[in-house]
Amino acid sequence: MNHKKQYFGTNGIRGVIGRDMTPQLALNIAKSVAMLLGQGSSIGIGKDTRTSGEMLLSSVKAGLLACGGNVIDFGTIPTPCLQYLVLKQKLNGGIMITASHNPPEYNGIKIIDSDGTEMDDSKIIELEHIFTNKTSSHVDWSHIGSVSSDPNGYQSYIDAIVAQFPKNCGAGITVVVDSGNGPASITTPEILKKLGATVYIINECFDGRFPGRLPEPSIEGLKKLSSKVISTNANFGVAHDGDADRAIFVDETGNFIDGNLSLGLISSYLCSKSSGNGVIVTPISTSSLIEDIAMKYNCRIEHTMVGSIYVARKMRYLIENGYNVVIGGEGNGGIIYPDHMFCRDGGMSAATMLGLVSESSKPLSTLISELPKYTMYQQKLKIKISGSKIINHLKIHFNTDKLDLRDGIRIYRNNSWALVRLSGTEPLIRIYTESKNPIEAKCIMDEIITEISKLQ
Ligand code: MG
């Protein structure tokens, strides 16, 4: 048996429709999920708004039913909404049809475990074993699973988020929501309205061609959101990626806020409400500004490998061992709130930002400008030789600096750090460097690139 994931990446399996992602693949994955969870299991399914969603959903349904799984179809919903429903309705698992932030020609599958988290590596390896060895078997006619649909199930997800905040806490605040023609059109605006905010929405219609903008909430893509924030005098704008597990914000002047900064601000808000001695869990790719914030509130950071599942599982582990985990999250707008559930939730982030802005006497742009200032550079490099050779070379080159080797190589030098990681799915490496001093951040980036270019 292989002990590494082959098909599934950090957040599920993805590909271009008709090329790598086909109805046959979805069918075989669904059959393997039904086998893994066992005959008679209840499995929730949902999809984002992609044009290929219905096609893959039909395959997934067929595969689950053929192997004796009972299907609950929640329709077009955000990923965190399916995760909540799997947990709340005590289902055995879930399958989300989504390619998250990828362009429209992609689609993919995320497998949800019974606790609402994305399935962990060991179970995914088991699933891949069933999948590659084709050991799933069809049940006979009398054991075929049942199908039910729960098209209003998402309302309980909305209510669960609203219940986390004081009644009417958003009164007097105006927010513009850009759901990017994705599934959060039916959730985030209602969450904010139920909390008392005045809400405008753009790119509202479900449309898998994404006519409003691409599913990745980039500076370029959010220009329409920025204009709408300015023209409506809104306090902030929020945009989601294609399955709304992430949220990216623009301030009241229409300025795009980097995900590290919004994570920093929300961490600061939640740490200030916490009783102290708290823990913030974040991957090693996140800005050091989170460390400064933790220190300010007598909290500490726990670093993980890059990937929300590692953050979520570390949070749960720490809580089970008596630690006060305040928040977990990544610098890409994916934030996990332990009082809500152990997965990234863009709707919850939108609501938390509403709470934060309504409690503050300062506008969002000022709150952001008061955060510690760091410069981060990020670069992707195509590689022609094996990634492990590159990492090994860097290990030797940087051997006088402090190193962390849990996910690629993280180099600490004076007040700077750098991270070089291999992509799990493509022949490329990702390089991050950060410092309070932009020149230092640039120097260490140049040094890494020079060393890598010596090898290829
Ligand atoms: Mg996503």
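I started with the second largest pocket: 18 residues line it, and Gln 164, Leu 270, Lys 273, Val 326 and Asp 339 lie nearest its centre. Helix H8 (259-273), strand S14 (324-329) and helix H11 (346-359) each give two or more residues to this lining. H11 gives the largest share, four residues. By class I get 10 nonpolar, five polar and three charged lining residues. The pocket volume is about 370 Å³.

My terms here: a pocket is an open set of points on a 1 Å grid over the protein atoms alone, where a 1.4 Å probe fits, with protein on both sides within 12 Å along at least five of seven lines; lining residues have an atom within 4 Å of a point. Helices (H or I, at least four residues) and strands (E, at least two) are DSSP runs, numbered from the N terminus.

The model is predicted: local features need pLDDT of at least 70, side-chain atom pairs count only at pLDDT 80 or more, and totals for chains, interfaces and linings use all residues. Residues are numbered from 1 along each chain as its sequence is written, and side-chain values use heavy atoms, without hydrogens and water.

**Magnesium site**

Next I looked up the metal. Ser 100 (OG), Asp 241 (OD), Asp 243 (OD) and Asp 245 (OD) coordinate the magnesium ion at 2.0 to 2.2 Å. Donors are N, O and S atoms within 2.8 Å of the metal (3.2 Å for Na, K and Ca); water is not among the atoms, so sites may look incomplete. The donor spacing in sequence is S-x140-D-x1-D-x1-D.

Ser 100 sits in the loop between strand S4 (93-97) and strand S5 (106-113). Ser 100 has a relative accessibility of 3%, so I count it as buried (under 20% relative accessible area, 1.4 Å probe, protein chains only). Asp 241 and Asp 245 are buried too. Ser 100 is not a glycine, yet its phi is positive, about 50 degrees.

**Aromatic contacts**

I searched the whole structure and found two aromatic pairs (ring centres within 6.5 Å; planes under 30 degrees apart are stacked, over 60 edge-to-face, the rest tilted). In one, the ring centres of Tyr 84 and Tyr 157 are 6.3 Å apart and the planes are at 55 degrees, so I log the pair as tilted. Tyr 84 is in helix H3 (residues 79-88) and Tyr 157 in helix H5 (residues 154-162), so the pair ties together parts 73 residues apart in sequence. Both Tyr 84 and Tyr 157 are buried.

Terms used
Grid points are joined across faces, edges and corners, and a volume is the space filled by probe spheres set on the points. Ala, Val, Leu, Ile, Met, Phe, Trp, Tyr, Cys and Pro count as nonpolar, Asp, Glu, Lys and Arg as charged, and the others, Gly among them, as polar. Rings of Phe, Tyr and Trp (its six-membered ring) pair if their centres lie within 6.5 Å; planes under 30 degrees apart count as stacked, over 60 as edge-to-face and the rest as tilted. Buried means under 20% relative accessible area, exposed over 50%, partly exposed in between (1.4 Å probe, protein chains only).
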